[in-house]
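Dear colleague,

Please find below the structure that I am handing over to you. My findings follow it.

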Amino acid sequence: MTLRGRLVRFRSFWIFPLLASFLLYLTSRGEPKSRFNDLFWLMPVGILIWTLLEYALHRFVFHIQFPIRDPGLREIVNASHLAHHASPRDPTKLLVRPLYGLAISTVLYAALLALSRNTFSASGIMTGVWTGFLYYEAVHYRVHFSLSESGFIARQRRRHFYHHFTNNKRGFGVTSPLWDHVFGTTLPRP
Ligand SMILES: [Zn+2]
Ligand SMILES: [Zn+2]
């Protein structure tokens, strides 16, 4: 992919904040009792859900080859993350495709709606999930391409590179090791 293509893919992430604003505005009008103050707890719930999603998708979906017939779909679902593992220094294989993100978002939004039965609450939680997702993309990008050798990113890099180059059955969390600790897939102590 050309540099321009890469930038376009980065830029297309604006779809998520745009969609969040649009959904929040629309659903706040549709739900008369909705209050924007509720975002103070809805968004953290969404961010927490994101951390679990980041872990679960990485562990149970992205490393698995699904028997999909359609070559285009197979490429998106199976090869996305495995291509990143095959060439971790290739910036064109690093970012999640926005379309793939939107497909997963649609399924999640439907689930949140079924659980909360409130379009504004579902949108608020979804906004938190997308915030977590964009944060993940930024951290993952810096983990691979930042040169800093100390501090937060260097610590994340040590864990993530262990997953890449030592044992890909451990260290599934990129932005936080929380769920690796909960589910026993954390790195062995040095
Ligand atoms: Zn990586
Ligand atoms: Zn991986």
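The expected span of a helix is 1.5 Å times one less than its number of residues. By that rule, helix 3 (residues 39-60), with its 22 residues, would be expected to span 32 Å, and its first and last C-alpha atoms are 30 Å apart, which is close to that value. Please note that this is a predicted model.

Overall fold. The protein chain contains 8 helices and 0 strands. Its radius of gyration is 18 Å, close to the 16 Å given by the globule rule for 190 residues, so the chain is as compact as a globular protein of that length. Along the principal axes, its C-alpha atoms occupy a box of roughly 55 × 40 × 35 Å. Of the 190 residues, 19% count as buried. Among contacts between residues at least 6 apart in sequence, 61% link residues at least 24 apart.

Helix 3. The buried residues of this helix are Leu39, Leu42, Met43, Gly46, Trp50, Glu54 and Tyr55. An α-helix has 3.6 residues a turn, so residues three or four places apart point the same way. The cover over the buried residues of helix 3 includes helix 6 and helix 8 (178-182).

Helix 6. Ala138 lies in helix 6 (residues 119-145). Is Ala138 buried or exposed? Ala138 counts as exposed because it has 12 C-beta neighbours inside 10 Å, and a residue is exposed at 12 or fewer. The C-alpha atom of Ala138 is separated by 28 Å from that of Thr119, 19 residues away along the chain.

With kind regards

Notes:
Residues are numbered from 1 along each chain as its sequence is written. Chains are lettered from A and ligands numbered from 1 in the order in which they are written. This is a predicted model: local features need pLDDT of at least 70, side-chain atom pairs count only at pLDDT 80 or more; totals for chains, interfaces and linings use all residues. Helices (H or I, at least four residues) and strands (E, at least two) are DSSP runs, numbered from the N terminus. A residue is buried if 20 or more other C-beta atoms lie within 10 Å of its own, exposed if 12 or fewer, and partly exposed in between; C-beta atoms are placed from the backbone. Two residues are in contact if their C-beta atoms, placed from the backbone, lie within 7 Å. The radius of gyration is taken over C-alpha atoms; the globule rule is 2.2 Å times the number of residues to the power 0.38.
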